[in-house]
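I opened the model to look up a few rings, a helix and a loop residue. My entries follow the display.

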Amino acid sequence: MTLEKKIAAAFSMSDDAWLRHANPWSGWTRFITVLPLLIFAAWSRVWFGWWSLIPVTIAIVWIWLNPRIFPKPQSTDHWISRGVLGERVWLNRDRIPVPHHHHHVPNILNGISAFGGILVIWGLIELNSWITLLGYTLVTLGKLWFIDRMVWLYNDMKDVNQEYQSWLY
């Protein structure tokens with residue numbers, strides 16, 4: 001089982017949750033809010049002390065809740081929707097292999113995002129806004145490029161498997 005599949009399992013991402021997450025409102029609101037919420041929550045320890053656990057909890061609940069509260073999309077013919085569908089294909093690559101030209105770039109992009117995440121954590125520990133901002137930028141750019149790569153992957157794989165084809169409407 002891939003690391004990404006373990007993470008999805010930890011968040012209980014059922015087929016229904018994935019389909020709801022393909023709603024552009026879910027994809028975009030999760031993308032633009034999760035990391036800023038977590039950064040705010042961690043930084044708020046300066047102002048709120050232990051009460052900062054409240055925004056931390058809100059951020060964690062939002063991460064879990066977001067793919068579940070939006071309805072199934074009326075259409076999956078959106079860039080962000082295909083990115084989410086591509087993530088599902090990527091998670092399933094141990095069962096249904098993906099083309100060779102998709103093997104390495106997603107891992108590199110996840111590495112860039114992970115490095116950015118380390119910088120965010122370091123910046124939050126040190127309360128250094130510049131390091132935090134640099135990390136946030138790397139995470140965001142890495143994730144956007146990753147989503148774009150997932151759109152490409154989905155477009156390459158949608159006709160390979162009947163299940164993948166059924167996600168497009």
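**Entry 1: a loop residue**

I began with phenylalanine 70, which lies in the loop between α5 and α6 (79–91). Helices here are DSSP runs of H or I with at least four residues, strands are runs of E with at least two, and both are numbered from the N terminus. The model is predicted, so I note that local features need pLDDT of at least 70 and side-chain atom pairs count only at pLDDT 80 or more, while totals for chains, interfaces and linings use all residues. Residues are numbered from 1 along each chain as its sequence is written, and side-chain values use heavy atoms, with hydrogens and water left out.

Is phenylalanine 70 buried or exposed? Phenylalanine 70 counts as buried, at 15% relative accessibility. Buried means under 20% relative accessible area, exposed over 50%, and partly exposed in between, with a 1.4 Å probe and protein chains only. I then listed its contacts (heavy atoms within 4.5 Å). Leaving aside neighbours within four places in sequence, phenylalanine 70 touches Arg20, Asn23, Trp25, Ser26, Thr29 and Trp62.

**Entry 2: helix α5**

I checked the length of α5 (residues 53–69): its 17 residues reach 23 Å from first C-alpha to last, close to the 24 Å expected at 1.5 Å a residue. The expected span is 1.5 Å times one less than the number of residues.

Where does α5 bend? I found a bend of about 35 degrees at isoleucine 63, and proline 67 follows within four residues. The bend is the angle between axes fitted to the seven residues ending there and the seven starting there.

The buried residues of α5 include Trp62, Ile63 and Pro67. I see the buried residues of α5 packing against α2 (15–21) and α3 (24–43).

**Entry 3: aromatic pairs**

I searched the whole structure and got six aromatic pairs. Rings of Phe, Tyr and Trp (its six-membered ring) pair if their centres lie within 6.5 Å; planes under 30 degrees apart count as stacked, over 60 as edge-to-face and the rest as tilted.

Tyrosine 154 and tryptophan 167 are stacked, 6.4 Å centre to centre with 15 degrees between the planes. This pair links distant parts of the chain, 13 residues apart: tyrosine 154 is in helix α8 (residues 129–157), tryptophan 167 in the segment after α9 (162–166). Tyrosine 154 is buried at 0% relative accessible area, and tryptophan 167 is buried at 9%.

Tyrosine 164 and tryptophan 167 form a tilted pair, at 5.0 Å and 45 degrees. I also noted one aromatic cluster of Trp28, Phe31 and Trp79.
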